[in-house]
Amino acid sequence: MKKVNFKLLVIFIYSITFINSAFSNEDSIQTRNQKKIKEITLILVNEYKIDENYVKNIFKSIKMNKKVLKLMSKAAERTKTWEQYRKIFITDARVDEGIKYYKKNFKILKIVESKYGVPAEIIVAFLGVETKYGKRTGKIKIVDSLATLALEHPRRSKFFTKELIHFIVLTYEEGLDYKKLYGSYAGAMGAPQFMPSSYRKLSVDFNNDGKRDLWNNKYDIYSSIANYLVANGWRKNGNIFSDIVVKKEFEEILFKKGDSRTVSVDKFLKSINFHKDQLDKILVNYNDTKEKKKYLILLSSKNKKYKLGYTNFRVIMRYNPSTYYAMCVSQLSRKISEGL
Ligand SMILES: [Ca+2]
């Protein structure tokens with residue numbers, strides 16, 4: 001008798017707890033985060049001079065998106081090997097589509113290329129990796145994804161709070177309807193997947209129609225990518241990467257700390273007590289270029305995959321700080337330009 005009662009009690013407590021947690025998880029992102037929402041509102045009103053009611057209505061509207069938290073922990077850059085990652089982004093289909101896209105939009109691409117000094121195939125490759133050439137710009141309501149990450153993802157809260165603030169300012173300044181803006185789970189927007197801070201700071205109204213439209217306007221889309229790269233140090237006519245072979249005895253030292261890294265050549269040589277112009281000592285058949293800054297790009301220790309990167313490779317990494325990502329953009333751009 002006693003035993004049965006105990007069991008029932010456990011079931012009873014369990015169901016009460018379950019019901020409570022189901023309610024608090026679904027309905028109370030606002031209640032759980034009252035203090036933080038107040039802080040963000042104050043920043044928006046005092047520093048950015050945004051109308052308080054506008055901000056309040058946004059926070060009233062936000063809904064927690066659990067899927068966003070789940071996707072955040074599964075980002076391909078963090079969980080896949082180079083071989084797996086590359087297979088996703090560099091397929092024959094994506095290369096062919098890139099070539100077609102390049103040819104179709106040749107005129108606008110070349111106008112932007114000549115203004116910014118960023119090759120058209122680089123712009124196309126970014127679009128290919130980010131959104132399959134503008135076709136997949138994301139289906140998650142941005143205000144919800146950013147609010148969820150800012151308020152409910154402790155590890156990245158600081159970064160996403162900043163982006164949420166920029167997003168609200170962006171919609172206010174540009175007259176965009178926050179209820180109708182959709183993007184990636186991390187709040188990236190439009191064909192080039194700009195985060196709100198970059199959208200505000202670096203996107204361009206290239207066709208001068210008074211709007212910076214990264215969803216529909218190709219002039220704005222291409223020039224914004226190019227402007228982003230130039231602002232981060234893109235070198236006109238600079239190299240991006242070259243193929244190298246590392247001498248066997250240095251491979252192990254190089255990959256000691258794991259794959260998916262970009263290591264400064266100067267730092268690496270110093271760490272093994274070599275002079276900074278002794279790169280030829282660790283490579284087989286090394287041809288020097290005029291590039292000042294060089295990086296060893298470590299892709300896969302298992303398959304001995306490494307490249308030599310230059311300044312522009314590091315600039316591509318400013319778009320997404322993943323070695324794999326930057327190498328995919330670089331290789332895709334090369335394959336597109338070879339196929340023209
Ligand atoms: Ca425009």
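Residues are numbered from 1 along each chain as its sequence is written. Because the model is predicted, local features need pLDDT of at least 70 and side-chain atom pairs count only at pLDDT 80 or more, whereas totals for chains, interfaces and linings use all residues.

**Overview. The chain comprises 18 helices and eight strands.** Helices (H or I, at least four residues) and strands (E, at least two) are DSSP runs numbered from the N terminus. The C-alpha trace spans about 80 × 65 × 40 Å along its principal axes, and 38% of the 340 residues are buried, a residue being buried if 20 or more other C-beta atoms, placed from the backbone, lie within 10 Å of its own, exposed if 12 or fewer, and partly exposed in between.

**View 1. Helices α8 and α10 pack against each other.** The axes of α8 (residues 92-104) and α10 (residues 120-131) are 10 Å apart and meet at an angle of about 130°, where axes are lines fitted to C-alpha atoms, for helices over the stretch in contact, and angles run from 0 to 180 degrees between N-to-C directions. The two helices are therefore oblique to each other, given that angles under 35 degrees count as roughly parallel, over 145 as roughly antiparallel, 65 to 115 as roughly perpendicular and the rest as oblique. Arg94, Gly98, Tyr101 and Tyr102 of α8 make the contact with Ala120, Glu121, Val124, Ala125 and Gly128 of α10, contact meaning that C-beta atoms, placed from the backbone, lie within 7 Å.

**View 2. Four strands form an open antiparallel sheet in the order β3-β8-β7-β5.** Two strands pair if DSSP finds at least two bridges between them. Strands β3 and β5 stand at the edges with a single partner strand each, so one side of each is left without a neighbour in the sheet. The twist averages 30° from one strand to the next. Strand β3 pairs with β8 (residues 305-310) over three bridges, and Phe241 stands opposite Gly309 in β8.

**View 3. Helix α18 (residues 323-338) lies across β3, β5, β7 and β8.** The helix runs at about 100° to β7 (294-300).

**View 4. Asn237 and Ser260 have positive phi values.** Most residues other than glycine have a negative phi. Asn237, with phi near 65°, lies in the loop between α14 (218-231) and β3 (241-243), and counts as exposed because it has 7 C-beta neighbours inside 10 Å. Ser260, with phi near 55°, is found in the loop between α15 (248-254) and β5 (261-264), and counts as partly exposed with 19 C-beta neighbours inside 10 Å.

Note on methods. Two residues are in contact if their C-beta atoms, placed from the backbone, lie within 7 Å.
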